[in-house]
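My notes follow in the order I looked things up.

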Amino acid sequence: MATSPPYPTNPGMPTGGALRHAHWWHKRWVRYGALITLLALSGLVILALVREQTGTQGFLVGLGLAVLPVPLLIAVFRWLDRVEPGPWRNLLFAFSWGACAAALIAIIANSFATRWIATATADPTSADTWGATVIAPIVEESAKAAAILLLFLFRRRDFTGILDGVVIAGVTATGFAFTENILYLGTAFGTDQLAGHSGIASVTAATFFVRVIMSPFAHPLFTVLTGIGFGIAALAGERQRLRRVLLPPAGLLLAMGMHAFWNGSATFGDYGFFAVYGGFMVPAFGLLTWLVIWTRQRELRTVREELPAYVVAGWLPPAQPFALGSMRARRLAREYAGHHLGKPAARTVAQYEAYATSLAFLRRRGRMGRARADFVVRERELLQELWNRREIARPALEYAARATAPPVLMPPVHGWVPMYGHAAPYPAYNPYRT
C-alpha cells in the first residue's frame, strides 16, 4: 500500500501567521459570541412575551404539548441529511433562529401591523383577516428565510444542493412552529380555564389536534419552498448569476403564497379548512416528500458516478464508489468499525463517508461547469481528509461492499450458479488485526 498521497497536497494553503493582522471583528469567537448573544436575547424576550400572554401555567402546558412533534420532525430532516450530513451547529443555529429570532420578529411585526390596520380601517375583524392572510405569511416566511440566507452566505461549503436547503428550511420552521405552538396552546389553555372547559371538548384539545396532530408539517412545508429555491441556486455556476439571484426570492414568494392560502382557509366557509387540508396541503406534502426522497437517491447516484475517477487516480479502492453510494453499506461500515475499534473508529468512518460525498458533489459541479474559484484547493483538502482516515475507513468499507454486493454469476464446472455478496454480521477475517 502506498504511504503517501497519489499527488501532493496544495502548498498554497494559508497559515496561522497570515491571519495575525486580521481585524478583531473577523475573529471567529467574536462572530460566534455576537450571534449567540443575539439569539439568547431574542429567546429571553420571546419567553417574556409568550409568558405574558399565556400566564405561567398556560406557558408550561403549551411548552409540554408543543415539544411533542419536535423530535420527530428533527429526526426526519436529519434522516434526509444523512447522504452529506451538515454540521450540527448549522442545525442548532437554524432551530434557534426559528424559535427565537424569527418568532420574535413575527410577534412584534404581526401585532404592530394588525393594530395599524384596525386603526386605519376602524374594523378589527377585517384587520384580523388581513393580518392572518397577508401580513403573517409575508413577515413569518421572511423571518424564517433570513436563517437560510445567512447559512447560504456564510456557510457556503455546507450548502451544496437542494437537500441542504430543505433540511435547513425545515429545521428553522420547526423551531418557529415550536414557539408559535406554545403561544397558541397556552392561550387556549387560559381560555379553557376562564370558561371552565376541560377534556376533549376544550379549546386546548381542539388546538392540539389541529396544530400538532393534523398539521405539524405546515410551517416546514411552507419554508421548504424557500429552501428549495436556495438549494437550486447553490447548484448554479458563478456565471449563472440570474439563476442565483432570482430563484431564492421565487421560492420565498411560493412559500408566502402557500402560507396565505392555508391561513385563508378559515374564511372559505364551514368546510373550507378541511377542503384546503385534504385537497391541497396533503397532496403538496406528498409531492414535496417524493421530491426530496428522489433528490436523496439522485445524490447517492452522483456518488457512485463521480468517485470512480478517484479510483483511477489511485485515491480510492475500486469497491468504494459502490459502498459510498449505498446508505445500507455506509451503515454497515460504521457498525463494523465500531464493533472492532470502538465508537471513535465509527465516527472516523462517518467522517470519511461525508468527505467522500462532498468530493463527489464537488467533482460533479466541476464537470458540469459550475465549479467555484476554489475548486482545486477544496478538492485537495477533501482528498487529504480521506487520505488521513484511510487506515480505519477502507477495511470497513471493503467489508460493507462485500456484504451488500449484488448477486453475480460465477462459471463453475457444471453450469452457471448465482453467488451473493452477503456475509455474516462480522466475518472471521478481520483486516484490523495485526
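**Starting with α13**

I began with α13, which has 25 residues and reaches 36 Å from its first C-alpha to its last, close to the 36 Å expected at 1.5 Å a residue. I'm keeping in mind that this is a predicted model. Just past the end of α13, I found glycine 369 with a positive phi of about 75°.

**α12 against α13**

Next I checked how α13 sits against helix α12, residues 327-341. For any packed pair I want two things, the angle between the axes and the distance between them. Here the axes come within 6 Å and cross at roughly 150°. Angles over 145 count as roughly antiparallel, so that is how α12 and α13 run relative to each other. I noted the crossing of α12 past α13 as right-handed.

Which residues in α12 meet α13? I listed Arg330, Ala333, Arg334, Ala337, Gly338 and Leu341 on the α12 side. Facing them in α13 are Lys343, Ala345, Ala346, Val349, Ala350, Glu353 and Thr357. Sorted by class, this contact has seven nonpolar, two polar and four charged residues.

**α13 against α14**

Then I turned to α14, residues 375-388. The axes of α13 and α14 come within 9 Å and cross at roughly 155°. That makes α13 and α14 roughly antiparallel to each other. Is the crossing of α13 and α14 left-handed or right-handed? I have it down as left-handed.

From α13, the residues in this contact are Tyr352, Tyr355, Ala356, Ser358, Leu359, Leu362, Arg363 and Gly366. From α14, I wrote down Phe375, Arg378, Glu379, Leu382, Leu383, Glu385 and Leu386. By class, the contact of α13 with α14 divides into nine nonpolar, two polar and four charged residues.

**Over to α8**

I moved on to α8, residues 241-263, with 23 residues. It reaches 34 Å from first C-alpha to last, close to the 33 Å expected at 1.5 Å a residue. Which residues of α8 are buried? My list reads Pro248, Gly251, Leu252, Ala255, Met256, Met258, His259 and Trp262. I was reminded that an α-helix has 3.6 residues a turn, so residues three or four places apart point the same way. I also asked what covers the buried residues of α8. The cover includes α4 (124-154), α7 (218-235) and α9 (272-306).

I picked out alanine 177, which is found in helix α5. Alanine 177 has a relative accessible area of 11%, so it is buried. In sequence, alanine 177 and valine 67 are 110 residues apart, yet in space I get 9.8 Å, C-alpha to C-alpha.

Threonine 191 also lies in helix α5, which covers residues 162-195. Its relative accessibility is 38%, so I put threonine 191 down as partly exposed.

**Whole protein, to finish**

The secondary structure comes to 15 helices and two strands. Of the 434 residues in the protein, 45% are buried. For contacts with a separation of 6 or more, I noted that 76% come from residues 24 or more positions apart.

Technical notes
Residues numbered from 1 in each chain as written. Predicted model: local features only at pLDDT ≥ 70, side-chain atom pairs only at ≥ 80, totals over all residues. Heavy atoms only, no water. Axes fitted to C-alpha atoms, helices over the stretch in contact; angles between N-to-C directions. Helix = DSSP H or I, 4+ residues; strand = E, 2+ residues; numbered from the N terminus. Parallel < 35°, antiparallel > 145°, perpendicular 65-115°, else oblique. Left-handed = near helix turned anticlockwise from the far one by under 90°. Contact = heavy atoms within 4.5 Å. Nonpolar A, V, L, I, M, F, W, Y, C, P; charged D, E, K, R; others polar. Expected span 1.5 Å × (residues − 1). Buried < 20%, exposed > 50% of the residue type's maximum accessible area, 1.4 Å probe, protein only.
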